[in-house]
Amino acid sequence: LELTRCASAKTEALTSSDLAKLCWAVSKLDLTNEFPDFWQTTEDAVIGAASTAQSVDLSMLAWAFASAGGAESKSGRRLREALGRNALRLVEELTPQCLSNICWAMARLDPVVSTAEIVH
């Protein structure tokens, strides 16, 4: 938990790949309940990372955000929009695994948005 606090305080210095791994770990280890402000404190860094991320990193950010219940967070809308916008930017580079992770994340974050809207 202390490691998560330290890492989130230094998010601006992390690469998009490092930040994606941090977000993935927080979600995978289910630390969001223990550190409820994680997405709020990392919001700007995650949005910035999404704009420079490679497809696998964007996929990890989307999966982490959706798995952690990011849609309910205060920063949910901004992060969701950044992830969607950058998925469209990278659509030609997305592997099938990355595409499926992003589509799953977007469906979980906003069930009203269809998968067709994400990939077209």
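Is Ser 27 buried or exposed? In this model, which is predicted rather than determined by experiment, Ser 27 is buried, with a relative accessible area of 10%, where buried means under 20% relative accessible area, exposed means over 50%, and partly exposed covers the range in between, for a 1.4 Å probe and protein chains only.

Residues are numbered from 1 along each chain as its sequence is written. Because the model is predicted, local features need a pLDDT of at least 70 and side-chain atom pairs count only at pLDDT 80 or more, while totals for chains, interfaces and linings use all residues, and side-chain values use heavy atoms, with hydrogens and water left out.

The pLDDT, which is the predictor's confidence in each residue on a scale from 0 to 100, averages 80 over the protein chain, and 79% of the residues score at least 70. Where pLDDT is low, the predicted coordinates should not be read in detail. Helices are DSSP runs of H or I with at least four residues, strands are runs of E with at least two, and both are numbered from the N terminus.

Ser 27 is found in helix α2. The 13 residues of this helix (residues 16–28) should span 18 Å at 1.5 Å a residue, and the end C-alpha atoms are 18 Å apart, which agrees; the expected span is 1.5 Å times one less than the number of residues. The buried residues of α2 are Ser 16, Leu 19, Ala 20, Leu 22, Cys 23, Val 26 and Ser 27. They cover an arc of only 160° around the axis, which puts them on the same side of α2, the arc being that of the directions from the helix axis to the C-beta atoms. Leaving aside neighbours within four places in sequence, Ser 27 is in contact (heavy atoms within 4.5 Å) with Trp 39, Trp 63, Ala 64, Phe 65, Ser 67 and Ala 68.

The structure holds 1 aromatic pair. Trp 24 and Trp 63 form this pair, which is tilted, with 6.4 Å from centre to centre and 35° between the planes. The pair links distant parts of the chain, since Trp 24 lies in helix α2 and Trp 63 in helix α4, 39 residues apart. Rings of Phe, Tyr and Trp (its six-membered ring) pair if their centres lie within 6.5 Å, and planes under 30 degrees apart count as stacked, over 60 as edge-to-face and the rest as tilted. Trp 24 is partly exposed, with a relative accessible area of 36%, and Trp 63 is partly exposed at 22%.

Helix α2 is followed by Asp 30, which lies in the loop between α2 and α3 (38–52). The phi of Asp 30 is near 55°, a positive value in a residue other than glycine, and Asp 30 is partly exposed, with a relative accessible area of 48%. In helix α3 itself, Thr 41 counts as partly exposed at 43% relative accessibility, and the C-alpha atoms of Thr 41 and Thr 11, 30 residues apart along the chain, are separated by 8.8 Å.

A search of the whole structure finds 1 salt bridge, defined as a side-chain nitrogen of Lys or Arg within 4 Å of a carboxyl oxygen of Asp or Glu. The side chains of Arg 78 and Asp 44 meet in this bridge, at 3.3 Å from N to O. Arg 78 lies in helix α5 (residues 76–89) and Asp 44 in helix α3, so the pair ties together parts that are 34 residues apart in sequence.
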